[in-house]
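Colleague: I would like to go through the terms used for this model. Please set each value against its cut-off.

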Amino acid sequence: MKKHSITIAGGGSTYTPGILLMLLDNLDRFPIKTIKLYDNDEKRQEKIGKAYEIYVKEHHPEIEFMYSTDPEESFSDIDFVMAQIRVGKYDMREKDEKIPLKYGLVGQETTGPGGIAYGLRSISGVIEILDYMEKYSPDAWMLNYSNPAAIVAEATNRLRPNSKILNICDMPISLMYKMAHMAGFEDWKDLDVMYYGLNHFGWFTDIRDKEGNDLMPLIRKNVGESGFVKGIDGQHYEQSWLETFRKAKDVYELDPNTIPNTYLKYYFYPDYVVEHSDINHTRVDEIRENREKNVFETCDRIIESGTSKGVELKPNAHSSYIVDLAVALSNNTQEQFLLIVPNEGSVPNFDPTAMVEIPCIVGKYGYKKISQQAIPQFQKGLMEQQVSVEKLVVSAWEEGSYNKLWQALTLSRMVPSAKVAKEVLDDLIDANRDYWPELK
Ligand code: NAD
Ligand code: G6P
Ligand code: MN
């Protein structure tokens with residue numbers, strides 16, 4: 001079997017250890033020659049680099065491991081880039097979450113005004129990584145988690161239409177874990193699903209076990225009673241996520257024929273979300289207190305003691321999904337994955353130029369899309385509006401257009417008027433001066 005070389009871009013990410021450990025857990029079907037971490041922040045990456053250098057040496061001394069901030073070194077001779085960068089890091093996430101709240105608007109990482117702000121920062125960062133990959137390893141695949149995936153996917157499709165990049169999201173997979181548990185199964189891979197939408201804006205329409213038995217009645221009953229509270233995905237466990245999983249019950253009620261993505265709560269119940277937000281303690285604070293702290297404390301422990309004994313792999317949806325996708329591309333497994341891809345008629349009564357999240361069959365050739373049924377008026381209306389927001393953001397970035405960005409914010413379901421859109425926009429421009437193109 002071929003030995004692969006992988007670069008994790010955003011090596012300083014809190015998700016890097018999970019992906020690394022998952023790669024090492026799959027060596028029997030996906031042998032590895034080299035793992036490289038790449039980040040543009042040397043200090044942020046260094047701890048993870050040092051700690052997991054020890055880990056890899058102790059567990060798999062035959063694997064070459066390195067971490068670097070040098071693009072040529074990082075992107076040469078590789079087969080895959082697994083990207084998870086956050087341009088502006090948590091300090092800017094804090095602004096994405098807290099500035100909108102000042103105006104009584106939802107303050108969220110990937111949706112509404114915060115997601116738009118993050119999108120304008122991410123585009124150049126993701127394109128930069130893609131260009132490095134194509135320069136130094138033109139045959140490689142980039143598997144991209146960097147958010148906000150809807151805007152990033154629109155941008156990569158528009159700016160680099162022929163590049164080998166797959167934009168992905170772990171949320172539906174997390175929900176599949178939970179739904180599998182509701183039905184008495186272990187893994188998201190025990191389910192076969194149909195799903196359509198935009199990223200963080202979609203619906204499951206069919207859910208079955210591997211024998212073809214229809215699980216929709218059981219899942220609908222569960223979600224109708226308590227949202228996605230049941231089941232564990234090993235990843236989203238803190239208070240705010242539990243609240244989001246519970247709220248899915250109210251999101252579900254709007255269309256009991258489908259099972260919704262949790263992110264729809266921000267679009268359907270923005271007033272509720274704002275009422276239940278604390279501008280002094282948003283999701284980023286919770287992460288600093290938990291995930292970020294845990295990841296870096298574990299690194300400190302490994303570095304100080306010089307050994308990784310006691311560090312264990314805890315699989316979660318995020319790492320299992322991206323590694324399985326790489327395996328599918330490499331080993332031609334023909335498994336089904338939800339990918340964010342150009343619509344081009346796959347959702348027949350929807351904008352063919354939109355980037356949609358739908359099931360695809362993945363193999364050595366890349367992916368083949370699975371066509372969907374015509375979608376109902378409710379979802380179509382919502383998706384037309386939301387995809388227009390996302391397209392306007394990318395146009396604003398390309399053209400440096402203030403007005404297009406103002407239009408995008410005005411069109412967002414989470415912003416009540418053009419007046420409020422302008423107020424929050426001007427504040428976001430101030431906060432993002434180091435990252436956004438100049439807007440005229
Ligand atoms: P994080 O801030 O801990 O890590 C991001 C890293 O990216 C940092 O080390 C930072 O220095 C680095 N970085 C920023 N700009 C860069 C650039 N231009 N080049 C190289 N490195 C750069 O963030 P996190 O919470 O671990 O999340 C990482 C990313 O993964 C985010 O974009 C997040 O939204 C995304 N994510 C996506 C999904 C999904 O479903 N698509 C799921 C989870 C996380
Ligand atoms: C889900 C989404 C991701 C998002 C993450 C945020 O997994 O699919 O797109 O980045 O949640 O989680 P966090 O724990 O960083 O708030
Ligand atoms: Mn996601």
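Colleague: What makes strand β11 and strand β12 a pair, and in which sense do they run, parallel or antiparallel?

Modeller: This is a predicted model, where local features need pLDDT of at least 70, side-chain atom pairs count only at pLDDT 80 or more, and totals for chains, interfaces and linings use all residues. Residues are numbered from 1 along each chain as written, chains are lettered from A and ligands numbered from 1 in written order, and side-chain values use heavy atoms, without hydrogens or water. Two strands pair if DSSP finds at least two bridges between them. Strands β11 (residues 355-363) and β12 (residues 366-369) have four bridges, in the antiparallel sense, so they pair. Strands here are DSSP E runs of at least two residues, and helices are H or I runs of at least four, numbered from the N terminus.

Colleague: Which residue in β12 is the bridge partner of isoleucine 361?

Modeller: Lysine 368. A hairpin of two residues joins β11 to β12.

Colleague: Where in the chain do cysteine 169 and histidine 200 sit?

Modeller: The two donors lie 2.2 to 2.3 Å from the ion but are 31 residues apart in the chain. Cysteine 169 is in the loop between β6 (165-167) and α7 (171-182). Histidine 200 is in the loop between β7 (191-198) and β8 (201-209). Cysteine 169 and histidine 200 are both buried (under 20% relative accessible area; exposed is over 50%, partly exposed in between; 1.4 Å probe, protein chains only).

Colleague: What makes arginine 283 a polar contact of ligand 2?

Modeller: The cut-off is a pair of N or O atoms within 3.5 Å. For arginine 283, a side-chain N or O atom is 2.4 Å from an oxygen atom of ligand 2, so the pair counts. Tyrosine 263 also counts, at 3.2 Å from an oxygen atom of ligand 2.

Colleague: And for ligand 1, which distance does threonine 14 show?

Modeller: A side-chain N or O atom of threonine 14 is 2.6 Å from an oxygen atom of ligand 1. Serine 13 has a polar side-chain atom 2.7 Å from an oxygen atom of ligand 1. The protein buries 97% of the 860 Å² that ligand 1 exposes alone (Shrake-Rupley method, 1.4 Å probe).

Notes
Polar contact = N/O pair within 3.5 Å; in protein donor to acceptor, adjacent residues only side chain to side chain. Donors = N, O, S within 2.8 Å, 3.2 Å for Na, K, Ca; no water.
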